Amino acid sequence: MTESRVGLGIDFHRFAEGRALVIGGVTIPHARGLLGHSDADVLTHAICDALLGAAGLGDIGTHFPDTDERYRGISSLTLLKEVLSLITSRGWYPINIDATLIAQEPKLTPHFKAMKDALSEVLDLQPGSIGLKATTSEGMGAIGRAEGISAFCVALVQRDSQ
Ligand code: MG
């Protein structure tokens, strides 16, 4: 019998001067980057939380606390790799993920192919099993004032059980 579960991940990071903008493992040319203890890859963090949530394993902050110097400036793809190990060690494997980025700036769609390539390599998924979308918030709220970027993600995982 195959057991299936879904998980949800949500993340927000604010913009800051003098930081690289890394989303989905891809460095995007922009005047500002996102602020965070790691590389602040908002999309990859949402994916990590969706996978952890689906497997019932808590959240990214529990596994990789921002008080831990080992994670300062770390590539979030490395964290995603560790998340994959955590879930696969319990028999879960990802089937697909689907994420939406909410950003007033910059335009993210042109970078989706590179993001899918980077994420699919880490997750061992076909790029077609990774859904990426982007929207603005129509100028509303903090995201609309371009104070930061948000990402939402759902993930489906399965495991074979007796
Ligand atoms: Mg985060």
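Me: Before I count anything here, what counts as a helix or a strand?
Reply: Both are DSSP runs: a helix is H or I over at least four residues, and a strand is E over at least two. This is a predicted model, and on that reading the protein has five helices and seven strands.

Me: In what order do the elements run from the N terminus on?
Reply: The order is β-β-β-β-α-α-α-β-α-β-α-β.

Me: How do I read the radius of gyration of the protein?
Reply: Hold it up against the globule rule for the chain length. Here the radius is 15 Å, close to the 15 Å that the rule gives for 162 residues, so the protein is as compact as a globular protein of that length. The C-alpha atoms fill a box of roughly 50 × 35 × 25 Å along the principal axes.

Me: And what share of the residues is buried?
Reply: Buried means under 20% relative accessible area. By that cut-off, 48% of the 162 residues count as buried. The protein exposes about 7,900 Å², with carbon and sulfur atoms supplying 53% of it.

Me: Where does helix 1 sit, and how far does it reach?
Reply: Helix 1 covers residues 42-54 and reaches 18 Å from its first C-alpha to its last, close to the 18 Å expected at 1.5 Å a residue. Gly56, which follows helix 1, has a positive phi near 70°.

Me: Is helix 1 largely enclosed or open?
Reply: Count its buried residues: 12 of the 13 are buried, so helix 1 is largely enclosed by the rest of the structure. Among them are His45, Cys48 and Asp49.

Terms used:
Residues numbered from 1 in each chain as written. Predicted model: local features only at pLDDT ≥ 70, side-chain atom pairs only at ≥ 80, totals over all residues. Heavy atoms only, no water. Rg over C-alpha atoms; globule rule 2.2 N^0.38 Å. Buried < 20%, exposed > 50% of the residue type's maximum accessible area, 1.4 Å probe, protein only. Areas by Shrake-Rupley, 256 points an atom, 1.4 Å probe, with all protein chains shown as cover. Expected span 1.5 Å × (residues − 1).
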